[in-house]
Amino acid sequence: MFCNPRLLLAVTMSFAVSGAMAQAAAKPTDPQIAHIAYTAGQLDIAAAELALKTSQNKAVRDFAEEMVRDHTAVNKQALALLEKLKVKPQDNDTSKSLTEGAAKEREELSKLSGAAFDKAYAQNEVAYHQTVNGALATMLIPDAENGELKSLLETGLKLFKEHQQHAEHLVGQLK
Amino acid sequence: MGVRSFVAASAALSLGLLAFIPLSRGAEPQVYVIEINKLAFASAPAELHMNDIVEWRNSDIFRHTATASDSSFDVDLLPGAKGQTVLKRPGVIEYTCRFHPGMKGRLEVAP
């Protein structure tokens, strides 16, 4: 399976992000958790914007539009909650590593076009959502102390799982 | 049903106004609400009959659709929006959200 360079890229990115998540093993605080979750959404929006700039494939564009729409909605709610709780999101190593990993990913993707881009984008979306799901379920949700933040993260996890499933469908469609 | 009302009912039928005439079971079509929230459809009502109406209400922060797997309906629902589906045929209809494939439901429509 690792003969496919695009899949290899997706898997490598996934490990890179997993590594970033693992660094935060020392129990993040709520302001840090909020920053990580918000960043994860923004990075997926950035990847989707690249897809909307590059791809001509309707299924890929529809998916990318959905990513922009859904993550914008959940992040808007996150900002409203943080304002209400008077919590300022705090940058941290996990957020930084996520951002750096995603920037590299976008750089690789931006070298591609046509069907090669579509496949790589869809595979990266599967890997990315899988990784963020893992982080939400095993670290961010259990470690969040504020109930409302925890609840919003749970919605985020549900959303990321739906997106992962949709991304898997997309990969199947592009074969 | 007298001859006159039978003729009226036939005329209504031919005009496609089936939903607005009394049904053989003697009940008016009912409107049932299925709410969508937190990436899930609420349970579908158990007592659905032909010509009843399902009203989809999207209370979520995300855009959703209610899309029948047999293509009999496809309702696009922005956050806060609602839309209606008239149940025109008896039987089982599975439905999902086109954007969030894990969201699923099932309507069982009696004649």
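Chain B has a mean pLDDT of 83, with 77% of its residues at 70 or more. Where pLDDT is low, the predicted coordinates should not be read in detail. The model is predicted, and its scores are ipTM 0.80 and pTM 0.79. Chain A has 6 helices and 0 strands, while four strands of chain B form an open sheet.

- From the N terminus on, the elements of chain A follow the order α-α-α-α-α-α.
- Chain A has 175 residues, and 41% of them count as buried.
- Among the contacts in chain A with a separation of 6 or more, 82% join residues 24 or more positions apart.

**Nonpolar cores**

- The largest nonpolar core contains 43 residues, and those with the most contacts inside it are A:Ile33, A:Ala37, A:Val60, A:Tyr121, A:Leu140 and A:Leu153.
- At least two residues of this core come from each of α2 (30-54), α3 (58-85), α4 (93-110), α5 (114-143) and α6 (147-173) of chain A.
- α5(A) gives the largest share of this core, 11 residues.
- Leaving aside residues up to four places away in sequence, A:Leu140 touches A:Ile33, A:Ile36, A:Ala37, A:Ala135 and A:Leu153.
- A second, separate core has 10 residues, including B:Trp56, B:Leu77, B:Ile93 and B:Tyr95.
- In soluble globular proteins, nonpolar side chains tend to be buried together.

**Chain B: the open sheet**

- The open sheet of chain B has 4 strands in the order β2-β1-β4-β7, with mixed pairing.
- Its edge strands are β2 (40-41) and β7 (82-86) of chain B, each of which pairs on one side only.
- β4 (residues 53-58) of chain B pairs with β7(B) in the antiparallel sense, over 5 bridges.
- B:Val54 has B:Thr85 in β7(B) as its bridge partner.
- Strands of a sheet pair through backbone hydrogen bonds, either parallel or antiparallel.

- β5 (residues 64-68) and β6 (residues 74-77) of chain B pair in the antiparallel sense over 4 bridges.
- β5(B) and β6(B) form a hairpin with 5 residues between them, and B:Ser71 in the turn has a positive phi of about 65°.
- B:Thr67 has a bridge partner in β6(B), B:Asp74, and another bridge partner in β8(B), B:Thr96.
- The pairing of β5(B) with β8 (residues 91-96) of chain B is antiparallel and covers 2 bridges.
- β8(B) also pairs with β9 (residues 104-110) of chain B, in the antiparallel sense and over 6 bridges.
- In β9(B), B:Lys104 is the bridge partner of B:Thr96.

**Chain B: positive phi in loops**

- B:Leu39 lies in the loop between β1 (31-37) and β2 of chain B.
- The phi of B:Leu39 is near 60°, a positive value in a residue other than glycine.
- B:Leu39 counts as buried because it has 20 C-beta neighbours inside 10 Å, and the cut-off for a buried residue is 20 or more.
- B:Asn51 lies in the loop between β3 (48-49) and β4 of chain B.
- The phi of B:Asn51 is near 80°, again a positive value in a residue other than glycine.
- B:Asn51 has 19 C-beta neighbours inside 10 Å and therefore counts as partly exposed.

**Contact between chains A and B**

- The contact takes 14 residues from chain A and 9 residues from chain B.
- On the side of chain A that touches chain B, the elements giving two or more residues are α3 and α6 of chain A.
- α6(A) supplies the largest share of this side, 8 residues.
- The residues on this side of chain A divide into 3 nonpolar, 5 polar and 6 charged.

Technical notes. Residues are numbered from 1 along each chain as its sequence is written. Chains are lettered from A and ligands numbered from 1 in the order in which they are written. A nonpolar core is a set of buried Ala, Val, Leu, Ile, Met, Phe, Trp, Tyr and Cys residues joined through C-beta atoms within 7 Å. A residue is buried if 20 or more other C-beta atoms lie within 10 Å of its own, exposed if 12 or fewer, and partly exposed in between; C-beta atoms are placed from the backbone. Two residues are in contact if their C-beta atoms, placed from the backbone, lie within 7 Å. pLDDT is the predictor's confidence in each residue, from 0 to 100. Two strands pair if DSSP finds at least two bridges between them. Ala, Val, Leu, Ile, Met, Phe, Trp, Tyr, Cys and Pro count as nonpolar, Asp, Glu, Lys and Arg as charged, and the others, Gly among them, as polar.
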